[in-house]
Structure formats: structure tokens, C-alpha cells
Amino acid sequence: MRSELPRWWGGSKRTPIVARRKHPGFRDISMDHAASPQNYPVGQRPAQRPRFVLHGSGDAEKKAVLHCGAKRMKTSHLPRSKNIPSVVLIKQHFSVPKEADVREATVRELKKLFPDTTAIKGKIVGLTCPSRGICDIAQVLITAVSFLKPHCKEVRILTAMGTHGGGTSEGERAMASDRGVTEEAVGTRIFSNMETRYIDTVNDVEAHVSEDALACDLVILTNRIKEHTDIDWPEPLPEGFYGLESGWAKILALGASKLRAIEQHRHIPTIGLGTAIEISSRRIIEGKELVIWGGLGIIENARDETAEIVSARAESADRFFAIEAQALARSKELMPAMPVRTVDVLYCNSLGKDLSGQGMHTKTIGRSPYGYQQGKPWKSTMPAIHTIVGSRLSPGSHGNAIGVGLCEFITQRFDEEIEWDRTTLNSLSALCPCQARRPIVCEHDRDALEVALVMSPSGPHGPRMVFIHSTLKMEHALLSEGLLNDARANGNVETLSDPSPLRFSSDGYVDLQSYFKFEH
């Protein structure tokens with residue numbers, strides 16, 4: 001069957017993804033993004049970053065990137081409001097259960113998966129490594145390797161990131177390293193090859209699996225179990241389906257299929273992504289090509305801490321899916337939420353792939369990844385947000401700014417960190433090209449907020465503004481005075497300060513760190 005990549009990835013050297021531009025001050029690097037991976041030995045593929053850089057070297061060269069010929073926007077002539085309202089620091093009180101000892105909890109669950117370790121004697125065991133910024137993923141994988149290694153032939157870490165690593169082996173390794181998952185740290189080899197094998201087609205859904213996974217005698221699906229930004233299940237669920245989102249089924253169907261994740265995403269307009277994931281992963285679990293032994297899962301609380309380590313054997317797909325669905329339900333109960341339901345301007349300090357699959361969690365901000373109307377919630381149970389200002393792209397995103405299209409405004413520093421080739425690849429593979437659209441770029445936060453206030457509505461008590469670190473971390477937030485009554489109606493909100501002018505740094509950025517501490 002189809003072993004070559006889809007043509008829109010760029011199927012030959014004659015059709016690069018980004019057209020060549022000639023400019024006397026630039027030299028062309030890495031334009032051969034379209035070269036097929038099969039043409040290069042593992043570890044010898046060219047860096048796949050179609051872009052132009054100023055003459056130079058090292059970090060200075062990287063900072064001089066002119067992505068896709070983008071020019072700096074001039075916003076000095078735009079209408080603006082200097083009346084940024086005073087803000088109040090609040091704290092949301094979420095339920096925050098936490099595993100006392102992640103290592104001990106991981107060993108506890110591994111003993112459930114392997115009550116008799118002689119079952120893996122002489123075998124190669126694979127552990128998947130996801131792309132997300134999961135708090136304790138390194139500790140879980142290190143512990144799992146340590147537990148399994150004495151009983152089997154070899155333990156292998158299998159990067160399973162779909163298109164999140166820029167579509168390259170090197171990109172996946174770099175993302176794993178950022179999560180603390182290196183060969184030195186985990187004590188075993190990491191496999192990140194991009195080659196996949198076609199398995200089967202079921203109800204028009206193709207199943208593909210990485211050759212690295214197929215080279216193992218058995219695989220343990222390691223992933224966080226959580227609500228997915230792109231999955232929208234109908235109610236009631238279709239018969240025979242479990243409503244799975246991000247977790248074991250997803251890392252098998254999408255992560256382990258590498259660039260072939262598009263084969264599931266293309267069903268979004270018809271049967272939906274969740275349905276396609278369950279069909280594909282069920283076929284792989286029930287097939288004979290690869291032994292999926294079970295899953296090792298992480299449930300996180302609203303503080304981005306490990307609330308629970310869970311596991312399940314994959315002796316049958318139905319039982320496996322049912323256990324994951326139960327874990328997903330517990331995870332949803334622990335998700336952080338906006339402190340109010342109606343927002344004129346949301347300021348998000350950090351967006352990024354390591355914080356959410358779409359940079360911001362779409363269900364937290366009430367915006368569909370496939371397009372939205374300002375001020376209209378995606379679902380009636382979600383908040384209505386009119387305008388979003390994004391301040392920066394998280395370093396852990398590696399330039400992948402998928403979800404930037406959810407913002408109306410971003411800052412210059414955000415814009416300069418975007419690698420449009422990676423962003424476009426991920427957005428296209430997820431069938432949401434609108435999430436690679438470039439918003440209006442303002443010089444800094446103050447500039448963006450002043451312009452945003454002019455084009456946004458206002459509540460009866462003034463502009464309704466919320467300032468958060470990210471949709472992953474919302475225990476602390478700043479609210480404008482116009483939202484105090486709404487916040488007080490929320491039983492889990494505590495006011496920690498009196499209203500005061502919003503503080504900015506000398507270079508025009510909101511000084512969020514002066515209100516509450518966080519790591520970028």
C-alpha cells in the first residue's frame with residue numbers, strides 16, 4: 001500500500017514546501033524539506049527547516065531568522081485606549097490530589113502490568129515517549145526502564161510525537177530532551193526514526209505504526225490521559241465507542257504513526273478525530289503485527305502536578321478503552337478553568353505546544369481549533385471570550401506555534417520565536433490551517449492591550465479583562481475591576497489584593513511575576 005509520504009508534505013526535491021526567495025543579504029539553508037526520509041540513512045537526514053537566515057553562525061544566526069519573508073508590523077498609527085483598568089490578584093481553589101511519590105506509584109502500577117516478570121525474559125520492550133510538557137514524564141520513564149531492564153533483553157524509548165517534532169527524527173529527540181528524556185538520564189537507547197508501516201484500513205481509517213515500535217516484542221503505551229483540544233464527541237456516544245481523547249489510544253494511533261497521523265485527522269469533517277483514533281488503535285491492539293502489552297498513564301491536577309499514576313493491560317481493546325475512559329473522566333474533573341464565563345480581553349502570557357496541543361486549551365478558552373467567532377463560545381458550557389492577546393511562545397515549543405491563530409494580537413517577541421515551517425506542518429496535519437495564521441503583531445504587551453481594548457466590548461462596570469500565565473496554570477490570575485462581581489459569584493475564587501494599576505516592565509511587558517511566581 002502507500003508507503004510514500006502524502007504529496008502535500010512535499011514529495012520530491014522539485015517541489016519544496018516553501019518557495020525559494022532571493023535576497024542579497026540572505027543565504028538559503030535547509031530548503032530540501034521535501035526530500036523523502038527514505039532517501040537518507042538514519043541520522044544523516046538534512047535539517048528540515050525551510051527558512052532564510054542572515055549571514056552569521058550559532059545562536060546569533062538563529063535569532064536573525066526572517067520567517068517566510070514576514071515583515072514587522074507598524075502599529076503606532078492604530079487607535080488605542082490608554083485606560084487599562086486596575087487589576088486584582090485572585091486565587092482559584094481547585095481540587096489538587098497528588099501522588100506522594102511518583103517513583104513508588106510508577107513501580108506500583110508496573111507490578112500490576114507485570115505480576116510475573118518472566119513474561120518479558122529475552123524480549124525487547126518499548127516505552128512510548130510523548131511530545132507534551134508532562135510534569136513527571138521523565139521520572140516515570142526512568143523508573144519504568146529501571147524496573148524492566150533486569151528482566152528483559154532490552155528496553156527502548158520510542159518517541160511517539162506525530163508531527164510535533166517538525167517531522168524529523170532530530171526534532172523528536174530535541175523535544176524529548178527538553179522533557180528530561182535523554183539516553184543518559186533514562187539509561188537506555190532512544191529510537192526516533194520516522195519510518196512507518198501501513199497495517200490495515202478499517203472503515204476507511206488507515207492504521208500505520210512506526211518501524212521502531214514494530215521492532216519491539218511488546219510495547220507499553222506511556223502518556224498523559226487528558227481532554228484533547230481537537231476532539232469533539234457527539235452525545236450520546238456512538239455505539240461501541242468510549243469517547244477517548246488524549247491518552248493511550250491517541251499516542252498509538254497518532255503519535256506512533258509519525259507523519260501518518262494525517263490519516264486520522266482527515267476524518268475530522270466526517271466521523272471525527274476521536275472515532276478515527278479508536279478505530280485505528282483498536283485494529284492495532286487486536287492485530288498480530290505488534291503486541292501492545294498495556295498502558296502506563298499520568299493524570300495531572302490543576303497545578304500541573306501528577307495526581308495519579310494508572311495502568312491497564314491491553315488483553316482486550318474494550319477493557320483497555322474502558323479503563324482509559326474512566327481515567328479520562330477523573331482527569332476532566334481536575335482540569336483548571338477560567339474564573340469567569342464572559343471575558344472582553346484575555347491576556348495569556350505563554351502559549352506553547354508543551355502547554356497544550358493548540359498552544360492554549362481550546363475547551364478552556366471556548367474556541368474551536370477549526371474556526372471561531374469572537375465572543376461566541378464553542379459550546380454553551382464554555383466561556384465566551386472576545387479578544388485574546390498572546391505574549392510569548394514557550395521555549396518548550398521549539399518554534400511550533402500551532403494555535404497562534406486563536407489570538408487576535410501577539411507581541412513582537414512572540415512573532416520572532418515562531419518557526420513557520422514547523423507550525424504549518426503541525427497545523428496542516430491536524431487539519432486546522434487556521435491555527436497557523438499570523439495575528440496582528442504589536443511591539444509589546446502594553447501596545448497590544450491598548451489596541452485590544454479599543455476593539456473589544458465592555459461590561460457594565462468597565463472592561464472585563466483576565467490575565468493568566470497559560471491555560472495549563474490558572475490557579476492564580478489577575479482580574480480587572482469590572483469582573484469582581486462575577487468572580488465573587490464563583491465559589492472557588494479568593495481575592496488576594498485590592499485593585500491597583502497593572503504593572504509593566506521597563507520594556508512594556510506585563511510584570512506577571514511580580515504578582516505570582518511561575519516558570520516560563
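Buried means under 20% relative accessible area, exposed means over 50%, and partly exposed lies in between, with a 1.4 Å probe and protein chains only. The model used in these exercises is predicted, so that local features need pLDDT of at least 70 and side-chain atom pairs count only at pLDDT 80 or more, while totals for chains, interfaces and linings use all residues. Residues are numbered from 1 along each chain as its sequence is written, and side-chain values use heavy atoms, with hydrogens and water left out.

**Exercise 1. Find the residues with a positive phi and describe where they stand.**

Solution. As background, most residues other than glycine have a negative phi, and most peptide bonds are trans. Begin with Leu431, whose phi is near 60°, a positive value in a residue other than glycine. Leu431 is placed in the loop between helix H13 (420-429) and S15, where helices (H or I, at least four residues) and strands (E, at least two) are DSSP runs numbered from the N terminus. With a relative accessible area of 27%, Leu431 is partly exposed. Turn next to Asp204, which has a phi near 75°, again positive in a residue other than glycine. Asp204 belongs to the loop between strand S7 (196-202) and strand S8 (205-210), and its relative accessible area of 47% makes Asp204 partly exposed.

**Exercise 2. Locate the cis peptide bond.**

Solution. The bond from Glu235 to Pro236 is cis, with omega near 0°. Pro236 itself sits in the loop between S9 and helix H7 (248-253).

**Exercise 3. Work out how strand S4 is set among its neighbours.**

Solution. First consider burial: six of the six residues of strand S4 (residues 124-129) are buried, so the strand is largely enclosed by the rest of the structure. Ile124, Gly126 and Thr128 point one way from S4, whereas Val125, Leu127 and Cys129 point the other way. Next consider pairing, which requires that DSSP find at least two bridges between two strands. S4 pairs in the parallel sense with strand S5 (residues 154-159) over six bridges, and with strand S9 (residues 218-224), also in the parallel sense, over three bridges. Gly126 stands opposite Arg156 in S5, and in S9 the bridge partner of Gly126 is Val219.

**Exercise 4. Describe the covering of helix H14.**

Solution. Eight of the ten residues of helix H14 (residues 445-454) are buried, and the helix is thus mostly covered. Among the buried residues are Asp445, Ala448, Leu449 and Val451. The elements against which the buried residues of H14 pack include strand S12 (342-351), strand S13 (384-393) and helix H12 (412-417).

Conventions: Contact = heavy atoms within 4.5 Å.
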